[in-house]
Amino acid sequence: MEIAVQTPPEHTDYSRLLDIWQTADGLGFAAGFTFDHFVPLNPGARPSAPGEVPDGPQLEGWITLAALGAATSRLDVGTLVSGVTYRHPVLLAKMAVTLDHVTAGRALLGLGAAWHEAEHLMYGFDYPGVGDRMAFLDETLEAFGLLCTAEGPFDYDGRFVQLAGACFDPKPVRPGGVPVLVGGSGARLRRIAARRGDWYNGFWAPWEWPEVNDGLDEMLARHGRSPGDLKRTAFVFSELAGDPATADGLVRTFRRIRGGTEEEVRARIVAGSPEQMVAVLESYAAAGVDLAILNIRPDQGAAEVARFGEQVLPAFDRRV
């Protein structure tokens, strides 16, 4: 199993993010992710309704990602994830492929169906029902594949995406194109990931992943794909400094937002001693996760990432 970092560009500044990414790049982490929101989500809130959005600075995720990608040399780079409702599919495709060229073939396209209703309302983004958002995601992914592979102008006539005589150059750097990560938890989204995705990201606990993976394998088979065609990635909350009080606070926040007993939460977050972190990550690996993505919260920085990289990462044989 490989290890990646996600640094939400909220309650922070670019220099702090740059320090984290360059540290991770040098230590042999596999990938780095930003997120794609316009208002902060931390500390701990999941603000999906009006009036529940915390104040504070928030950098734009894709511009931040491009700058960080250009300042590193080894990390795969992407958003975890972009809501499909925020940008026209062709604009999004141009951004992803341009990033692929900027980073010499290290770009990922992370997409989801969008969930943050309050954010959509405050800025005037359309927020259709969940069924329509899923259909829009499916069409966007299909159109992205065509844009990246079609040799000449082509048409696409979907319910939500229409292209007429569309041309698209340059193509991605890698012959296989820009890998697509589909993130979310619902059954319909997992079906889209099995049909269109290269990576699937979920918030599942280690003991939930085997059932999720079995279901994904069945969906893949229905589309003539094998289990190895879809990389499984887990979003994992973390506290990397080894500070008991901070870890206790993360446990309390997690329980308040997402539920679970204290024992269950501690078995799914990366916190505590290096030995405890290794044990939790090994449980994800044993459950069939290919990549664990550690959420680096705004109160953590390069020093915490370096400590983890030196004391925990070697257990997973990510060679520098």
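1. The second largest pocket has a volume of about 300 Å³. Lining it are 17 residues, of which Gly145, Cys148, Thr149, Gly176 and Val178 are the closest to its centre. Helix H5 (residues 130-149) supplies the largest share of this lining, six residues. By class the lining divides into eight nonpolar, four polar and five charged residues. Here Ala, Val, Leu, Ile, Met, Phe, Trp, Tyr, Cys and Pro count as nonpolar, Asp, Glu, Lys and Arg as charged, and the others, Gly among them, as polar. Helices (H or I, at least four residues) and strands (E, at least two) are DSSP runs, numbered from the N terminus.

2. On provenance: this is a predicted model, in which local features need pLDDT of at least 70 and side-chain atom pairs count only at pLDDT 80 or more, while totals for chains, interfaces and linings use all residues. Residues are numbered from 1 along each chain as its sequence is written, and side-chain values use heavy atoms, with hydrogens and water left out.

3. The structure holds one cavity of 30 Å³ or more. About 50 Å³ of space lies in the largest cavity, and its lining consists of Thr7, Pro8, Thr12, Arg16, Leu17, Ile20, Ile296, Arg297, Pro298 and Gln300. Five of these lining residues are nonpolar, three polar and two charged. The search runs on a 1 Å grid over the protein atoms alone: a cavity is a set of points where a 1.4 Å probe fits but cannot get out, a pocket is an open set with protein on both sides within 12 Å along at least five of seven lines, and lining residues have an atom within 4 Å of a point. Grid points are joined across faces, edges and corners, and a volume is the space filled by probe spheres set on the points.

4. The disulfide count is zero, a disulfide being a pair of cysteine sulfur atoms within 2.5 Å. The sulfur of Cys148 is 13 Å from the closest cysteine sulfur, in Cys167, and therefore too far for a bond. Cys148 counts as buried at 11% relative accessibility, whereas Cys167 is exposed at 62%. Buried means under 20% relative accessible area, exposed over 50%, and partly exposed in between (1.4 Å probe, protein chains only).

5. A search of the whole structure finds 11 aromatic pairs. In one of them, Phe38 and Tyr123 have ring centres 6.1 Å apart and planes at 80 degrees, so the pair is edge-to-face. Phe38 lies in the loop between strand E2 (31-34) and helix H2 (61-70) and Tyr123 in helix H4 (residues 117-123), so the pair ties together parts that are 85 residues apart in sequence. Phe38 is partly exposed at 25%, as is Tyr123 at 45%. Phe38, Tyr86, Tyr123 and Phe125 form one aromatic cluster. Rings of Phe, Tyr and Trp (its six-membered ring) pair if their centres lie within 6.5 Å; planes under 30 degrees apart count as stacked, over 60 as edge-to-face and the rest as tilted.

6. Leu59 is also in the loop between E2 and H2, and is partly exposed with a relative accessible area of 31%. Leu59 and Phe38 are 21 residues apart in sequence and 7.3 Å apart in space, C-alpha to C-alpha. Not counting residues up to four places away in sequence, Leu59 touches Pro9, Asp13, Tyr14, Leu17, His37 and Thr64, where contact means heavy atoms within 4.5 Å.

7. Helix H11 (residues 302-311) has Glu304, Val305, Ala306, Phe308 and Gly309 as its buried residues. These pack against strand E1 (2-6), helix H1 (14-27), helix H10 (274-286) and strand E11 (291-295).

8. Backbone geometry deserves a check at several sites. A cis peptide bond joins Leu80 and Val81, with omega about -20 degrees; Val81 is in the loop between strand E3 (76-79) and strand E4 (82-83). Another cis peptide bond joins Asp169 and Pro170, with omega about 5 degrees, and Pro170 is in the loop between strand E7 (162-166) and strand E8 (180-183). Ala104 has a positive phi, near 55 degrees, in a residue other than glycine, and is exposed at 62%. Ala114, not a glycine either, has a positive phi of about 75 degrees, but counts as buried at 12%.
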